[in-house]
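Please consider the structure shown below.

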Amino acid sequence: MIFSAADHEFMARALQLAARGLNTTTPNPRVGCVLVKEGAIVGEGWHERAGEPHAEAHALRQAGAAAHGATAYVTLEPCSHHGRTPPCADALIDAGIVRVVAAMRDPNPLVAGEGIARLSLAGVDVASGLLENEARELNIGFVSRMARGRPWMRLKVAASLDGKTALNNGKSQWITGPDARRDAHAWRARSCAILTGIGTVRDDDPSLTVRDVACTRQPLRVVVDSRLATPATAKILVGDGALIFAAVAGTAPGAEVVVMPNSAGKVDLAAMLQELGRRGINELLVEGGMRLNGSLLREGLVDELLIYQAPILLGDVARGMFDLPELTDLGAVQRLRIVDRRIVGTDFFLRARPD
């Protein structure tokens, strides 16, 4: 399929609109829609929150009668099923839309091509694949949950230039500067849940809330705590509480406990991710210590690394980023692909994915 320069322009606008729901649409995908007639935009909208109208509905309401004969540019295949809102494919057909350009097909099994099929059957000219990579990146967590049944996991680390995350006594506040911490809060804001381990809870007593950027909701807070040792006074239990994954049965005040042991008496991390996917978690941000980080990497569960490095040195006895086994052969190293790198205040930021 060959798309025109105008097609690219209008889809880029739809993606800009979709990104406005970056921090709010969970567990739904981020979707934008632009309606164009005779080369001019007559309506546009984006999905803002689960349970509220979809992007297509907002755009159609803005366009009114001008939608008849228009082209719809949508960042995700219009839905074809009745959920909390009616099918968008039907709404586009009823409004007299003559052409629909979708950036990507919906990976949701409830849709999965049915929206496009319904539009085609009604005589609408349908094309897909325009700026698909950009649309997929915007909804990488939703795609992960639909395709793998588990969230997209980002592992965030704040470290010194020599790769240390804390002093040997556990003190780590603050290694990076305020700009880097603010940037990290933006990753928190877009995440559906934040995961940490009992070691971090004991050493740092973090709140794991979004504070430095505007956000109308707080991510679910999750703790890996095999022996249910989270103190009742932990900040992570304040407010809406937390979800604790344990290897032993028991209770924790202010938290829901899910027991998922593996054969070694630890938490089954892979099963935990499936459970989080079942609960509608699209994007999971990990802010743990070297042991949890190492366990997640060893089990191949990390999809992306977010590394903030400060221009300081903490020395050999300080704590490292990942508790990983010794290698004796460079051929066995875990290779990473860098997808982003930039300076944030006085610190260096690196985003990478396992090859």
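Is R291 buried or exposed? The model is a predicted one, and in it R291 has a relative accessibility of 63%; since the threshold for an exposed residue is over 50%, R291 therefore counts as exposed. The residue belongs to helix α10, which spans residues 290-298.

Other charged side chains are paired. The whole structure contains 23 salt bridges. One of them joins E304 to R154, with 2.6 Å between the closest N and O atoms. This pair connects distant parts of the chain, as E304 is in strand β13 (residues 304-310) and R154 is in strand β6 (residues 152-160), 150 residues apart. Both partners are buried. E304 and R154 also take part in a network of salt bridges that includes R30, E137, R190, E283, R351 and R353.

Two further pairs may be examined for their accessibility. R279 and E275 form a salt bridge with an N to O distance of 2.8 Å. Here R279 is partly exposed because its relative accessibility is 32%, whereas E275, at 11%, counts as buried. In the salt bridge between D340 and R342, the closest N and O atoms are 3.2 Å apart. D340 is partly exposed at 22% relative accessibility, and R342 is likewise partly exposed, at 29%.

S80 is located between β3 (71-74) and α3 (88-94). Its relative accessibility is 7%, so S80 counts as buried. Beyond residues up to four places away in sequence, S80 touches P87, L110, V111, E114, G115 and R118.

Definitions and conventions
Residues numbered from 1 in each chain as written. Predicted model: local features only at pLDDT ≥ 70, side-chain atom pairs only at ≥ 80, totals over all residues. Heavy atoms only, no water. Helix = DSSP H or I, 4+ residues; strand = E, 2+ residues; numbered from the N terminus. Buried < 20%, exposed > 50% of the residue type's maximum accessible area, 1.4 Å probe, protein only. Contact = heavy atoms within 4.5 Å. Salt bridge = Lys/Arg side-chain N within 4 Å of Asp/Glu carboxyl O.
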